[in-house]
Amino acid sequence: MATIIRRAVLSLPAASPGPENPLPALRPLDEVHRVDSRQRAGFPADMARQLGHAPLRTVLPVRMRDGYTRKRVPTDLDAVVIENDRLRVTVLPGLGGRVHSIEHKPTGRHLLYRNPVLQPADFALNGAWFSGGIEWNIGATGHTTLSVAPLHAARVPAPGGGEMLRLWEWERLRDLPFQVDLWLPDGSDFLYVGVRIRNPHDRPAPVYWWSNIAVPEAAGTRVLAPADEAWHFGYERALCRVSVPSRDGVDRTYPLNSEFPADYFYEVPEGSRRWIASLDGDGRGLVQTSTDLLRGRKLFLWGSGAGGRRWQRWLTEPGTGGYAEIQAGLARTQLEHVPLEAGGEFAWLEAYGPLAADPGRVHGTDWAAARGEVETRLEEVLPRADVDAAYAAWRPYADHEPKERLATGSGWGALEVERGGYGLPGTPFDPTTLGEEQAPWLELLRTGTFPQAPGTRPPGPSLVSAQWRDHLEVAEPDPVVCYHLGVAQWHAGDRSQAVRSWERVAAGHWPSLRCLAVADQESGHRERAADRFLDAFRQAGAACGTGTEGAAAVAALGREAITALLAADRADDAADVLAGLRPAVRERGRFTLLRARILLARGDALAARALFDDGFEVADLREGDEALGDTWYAIAERLVAGDGPVTDAVRATARARHPLPERYEYRMRPS
């Protein structure tokens, strides 16, 4: 059967990712994957340098995606299928280019974990993310901001004849274009993936890449990689070198042997073949291998504890089996960013396919024999030399222009090409993709004037690069220009100048007033921040119309205002803000949690407890967030203490009498 690429439709119960949050993401990243700089003393020199290289302050210019729910409805998703006589691969261009499934046709086995639902959860750097399949993580430590975003997709000539599927987009956190080429060589059991990241700028750029592969987590499944050591990272935010396969007397290469979620970044020796495999009790499963540039390999496991099991049910459908993740990246760990020189590029080839090995050796106590068995079987079905040869054959095709467009991504790449005049063979960012969000910036670029948005809508997305900041600085300083300029200055670290830009227009411009409130919050001025949030919320409620953007802005601003007012011990004002929100917003689980905190702050612990007893779900609960448990125990402590002080004895009694119900248990670390 000749390789074919065709459009398809994948039908799943899905919750919509919801609208973008129109408020600029000024706050520092709420990213759990970081370590204290004092830990770096014992790390390898290159690893220590890359751990501290160009960390992000925020996710600007990207907007947050926090408007989703847990209401799933039957949904048809646009898909592209790549198929030969051995494999059938289903890709979702509209959702970050996610590979949803790889089916090995001769055996009928599905090599990846296929999530039976599409349920956004707060795991991406900018919020909405979903589990399953293979995702392409680019940008910075964490799940990509493109998790639920559309990519450009097209047919492209493939090495050796036939066609391949090209996915490409402009990654906005690092301002870099990238492409992912997927194809099936004739008669191959392996999906080939060529990846290229380019730096078209005249300055070095920090780069992050991890291919994240969800695999079934059945009992008896073992993850193997060519390493005797790994870097362990848990949600206690400590990174340490451990032995493989056993740690603390437990074989951690079986994902269910651990209690809490954890990362294991394998220390693959220099010169060793790069690979990682997940094999079941019969020695069958998926193997991933690559050319040497993609040096890192990782296992992420949810563990068998209550928190990990709860997250698994949260992200998928209860009763359908869990998953673990095996990953491959540019660095040893996901906490690192690798510098890419001006005008340079990173490129490599990956291969994904089935592997069958002797189960006795794979699951034996001799770790060297187990991984040696996998490496031997891999070399038989896909020699290392063949991977290197496939990479060399692909490189000339990376510049081939697309033949037929299959999907369209964003217009941001076209805007950057218009501004910078970049030549990017193989990844055309066509002017026809420019849309409403890019229009005012295009006018600023061409005329030096930034057009005014309708008064009933929040300002559009900000751009924050030095080049766009230069354009804003010479434009007429009207309220919208001052607002966007302040956002760009804040992103650059010039916070005092950002505050001055916002202060020029804040009296009549609620978006700038809200930015000043965040600045106050970040500098520790709680009372002033609370005042400004309250004023901004009231102004936004009066100014924004009934459109989707305005409603999203008021809801997001209401959440911020309530949180700031509670921090300033102004529970009555927080209650007024909550009452001023639309009923549909107040009914969301996030706002039920805020209502419980307001009731507790006003001294009504019984009413706060009743909300928990009635039950609610916080759809946008953040990875590592312990707010549910913290609020529950704060209520329990007040119920035990009555009007008295909350002592250590009270805390212990509260935990004994009022254990956290399973439905609110999301803890990812030991107490």
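Predicted model: local features only at pLDDT ≥ 70, side-chain atom pairs only at ≥ 80, totals over all residues.
**Around helix H10**

Helix H10 runs over residues 495-503, and its buried residues are Ala498, Ser501 and Trp502. They lie on the same side of H10, because they cover an arc of only 95° around the axis.

Now look across to one of the partners. Helix H9 holds Gln489. Is Gln489 buried or exposed? Its relative accessibility is 5%, so Gln489 counts as buried. Which residues does Gln489 touch, once its neighbours within four places in sequence are left aside? The contacts are Arg469, Glu473, Asp494, Arg495, Gln497, Ala498 and Ser501. Two of these names, Ala498 and Ser501, are also buried residues of H10. For a sense of distance, Gln489 and Arg274 are 215 residues apart in sequence, and their C-alpha atoms are 42 Å apart in space.

**Helix H7, another neighbour of H9**

Helix H7 covers residues 439-447 and has Pro440, Trp441, Leu442 and Leu444 as its buried residues. These pack against helix H6 (412-420), helix H8 (466-473) and H9. Just after H7 comes Gly448, with a positive phi of about 80°.

**A residue inside a strand**

Let us move to strand E12 (residues 191-198), where Val195 has its place. Val195 has a relative accessible area of 0%, so this residue is buried. Apart from its neighbours within four places in sequence, Val195 is in contact with Gln179, Trp209, Phe346, Ala347, Trp348, Glu350 and Trp394. Val195 and Ala368 are separated by 173 residues in sequence and by 31 Å in space, C-alpha to C-alpha.

| Residue(s) | Feature | Angle |
|---|---|---|
| Leu60 and Pro61 | cis peptide bond | omega about 10° |
| Val244 to Pro245 | cis peptide bond | omega near 15° |
| Asp175 | positive phi, not glycine | phi near 65° |
| Asp569 | positive phi, not glycine | phi near 60° |

Where are they? Pro61 is in the loop between helix H1 (45-51) and strand E2 (73-83). Pro245 sits in the loop between strand E17 (239-243) and strand E18 (246-247). Asp175 belongs to the loop between strand E10 (163-171) and strand E11 (176-183), and Asp569 to the loop between helix H13 (548-567) and helix H14 (571-579). Asp175 counts as buried, because its relative accessibility is 10%. Asp569 has a relative accessible area of 72%, so this residue is exposed.

**Stepping back to the whole chain**

The chain contains 19 helices and 27 strands. How does its radius of gyration relate to that of a compact globule? For 671 residues, such a globule would have a value near 26 Å, and the chain has 26 Å, so the two agree. Along the principal axes, the C-alpha atoms fill a box of roughly 70 × 65 × 50 Å.

Of the 671 residues in the chain, 57% are buried. Among contacts with a separation of 6 or more, 71% involve residues 24 or more positions apart. The accessible surface comes to about 25,100 Å², and carbon and sulfur atoms hold 49% of it. Finally, the chain has 78 positive and 89 negative charges, whose mean positions are 2 Å apart.

Methods:
Residues numbered from 1 in each chain as written. Heavy atoms only, no water. Buried < 20%, exposed > 50% of the residue type's maximum accessible area, 1.4 Å probe, protein only. Helix = DSSP H or I, 4+ residues; strand = E, 2+ residues; numbered from the N terminus. Arc of directions from axis to C-beta. Contact = heavy atoms within 4.5 Å. Rg over C-alpha atoms; globule rule 2.2 N^0.38 Å. Areas by Shrake-Rupley, 256 points an atom, 1.4 Å probe, with all protein chains shown as cover. Lys, Arg positive; Asp, Glu negative; His and termini not counted. Charge placed at Lys NZ, Arg CZ, Asp CG, Glu CD.
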